[in-house]
Amino acid sequence: MSRRGFLGASLMLAAPALLPRTAHAVTWPERPVRLIVPVAPGGSQDIVARLLARHLGEALGQNLLVENLPGAGSNIGYDAAARARPDGYTLLAGSDSLSINPALFKRLSFDPLKDFAPVLSGVRVPQILVVRTDAAPQDLGAFVDSARQGPVAVGTPGNGSLSHLVGELMQQATETRWTHVPYKGGALAVNDLMGGFLQGVWINIGAVTDHVRSGRLRGLAVSSASRAAVLPDVPTLEEAGLRGLVATGWHGLVAPAGLDPDIVARLNAEGRKVLFHPEVAERLASLGVEPLDEAPGALAARMAEDTSRWAAVVKRAGIRAD
């Protein structure tokens with residue numbers, strides 16, 4: 001071997017981290033990528049997924065083709081993604097329901113911690129408790145007192161939804177009980193609240209931001225650790241006196257387990273850039289969600305913590321899927 005060849009081989013052995021893990025990771029993507037969205041078009045999860053698809057596609061030089069596969073509490077889409085090849089050509093728009101569903105459904109074809117590779121945390125999704133502006137409770141303390149004194153009906157976007165589970169956490173923390181009224185979507189719950197058929201609604205903050213800003217509804221508390229930028233006058237649950245009660249959802253990206261770590265790293269790096277792109281950041285702010293600048297390990301930790309946490313809440317409250 002020549003001196004030059006020997007030195008080149010030595011450098012390659014001494015610095016393997018500089019070498020691509022696989023040839024596939026270097027050339028990926030060579031064709032469009034499928035992005036499974038396990039909900040119907042129109043909601044915040046779908047909107048975030050489409051924003052990521054558009055801008056990630058531009059960064060990767062290939063289209064990300066959105067395919068909505070709603071149904072069975074998102075399990076149809078989750079199952080399709082779990083069974084896909086881990087070659088980088090199928091991604092999944094994941095959310096908090098990925099960690100909630102194992103506790104709600106007796107039989108699932110996937111394990112969120114074993115069958116998926118966390119890719120991008122995406123955005124944090126605060127929940128909010130709202131009441132009518134003309135309702136007697138002016139703050140969270142008054143609402144809790146009213147729940148202790150008589151029947152209170154609280155709506156949510158659905159049985160086993162994150163909004164429902166946050167409401168259960170609040171009931172446990174305050175030692176109160178109210179009648180949970182699940183709806184097939186948040187808009188119906190908000191309509192009934194405005195019509196006087198409910199005393200409150202727990203819901204994704206983006207669904208009622210305009211109503212609270214206009215004065216049609218009053219926000220009593222948000223579930224995030226800090227106040228939401230879109231509704232800065234609404235206190236957090238902790239500020240309202242419920243210490244340690246923080247619970248938010250997320251909308252991000254995962255992939256079938258076994259995806260090349262180099263592809264995961266590239267998707268994460270490009271995805272984080274997308275989240276803070278001015279156009280994307282403005283749209284996210286209008287939805288009331290907050291971009292997360294996190295490595296894949298942060299999402300892995302969140303999914304593990306949420307799977308354990310929500311299983312305990314579901315069991316304690318005896319919640320079952322619709």
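Student: Which residues of α3 and α10 meet?
Tutor: From α3, L51, L52, H55, L56, A59 and L60 meet R266, L267, E270, G271, V274 and L275 of α10. Contact here means heavy atoms within 4.5 Å, and helices are DSSP runs (H or I, at least four residues) numbered from the N terminus. By class, this contact has eight nonpolar, two polar and two charged residues. Ala, Val, Leu, Ile, Met, Phe, Trp, Tyr, Cys and Pro count as nonpolar, Asp, Glu, Lys and Arg as charged, and the others, Gly among them, as polar.

Student: What should I know about the model and its numbering?
Tutor: It is a predicted model, in which local features need pLDDT of at least 70 and side-chain atom pairs count only at pLDDT 80 or more, while totals for chains, interfaces and linings use all residues. Residues are numbered from 1 along each chain as its sequence is written, and side-chain values use heavy atoms, with hydrogens and water left out.

Student: At what angle do α3 and α10 pack?
Tutor: The angle is about 120°, and the axes are 9 Å apart. Axes are lines fitted to C-alpha atoms, for helices over the stretch in contact, and angles run from 0 to 180 degrees between N-to-C directions. α3 is therefore oblique to α10; angles under 35 degrees count as roughly parallel, over 145 as roughly antiparallel, 65 to 115 as roughly perpendicular and the rest as oblique.

Student: And how do α7 and α12 cross?
Tutor: The axes of α7 (residues 162-174) and α12 (residues 296-317) cross at roughly 70° and come within 10 Å. That makes α7 roughly perpendicular to α12.

Student: Turning to α11, which of its residues are buried?
Tutor: In α11 (residues 278-287), V280, L284 and L287 are buried, where buried means under 20% relative accessible area, exposed over 50% and partly exposed in between (1.4 Å probe, protein chains only). These buried residues fall within an arc of 55° seen down the axis of α11, so they line one face of the helix. The arc is that of the directions from the helix axis to the C-beta atoms.

Student: What is on the face turned away from the buried side?
Tutor: That face of α11 carries the exposed residues P278 and E282.

Student: What about the backbone: which peptide bond is cis?
Tutor: The bond from W28 to P29 is cis, with omega near -5°.

Student: Is S74 buried or exposed?
Tutor: S74 counts as buried, at 8% relative accessibility. S74 also has a positive phi of about 80° although it is not a glycine.

Conventions. Helix = DSSP H or I, 4+ residues; strand = E, 2+ residues; numbered from the N terminus.
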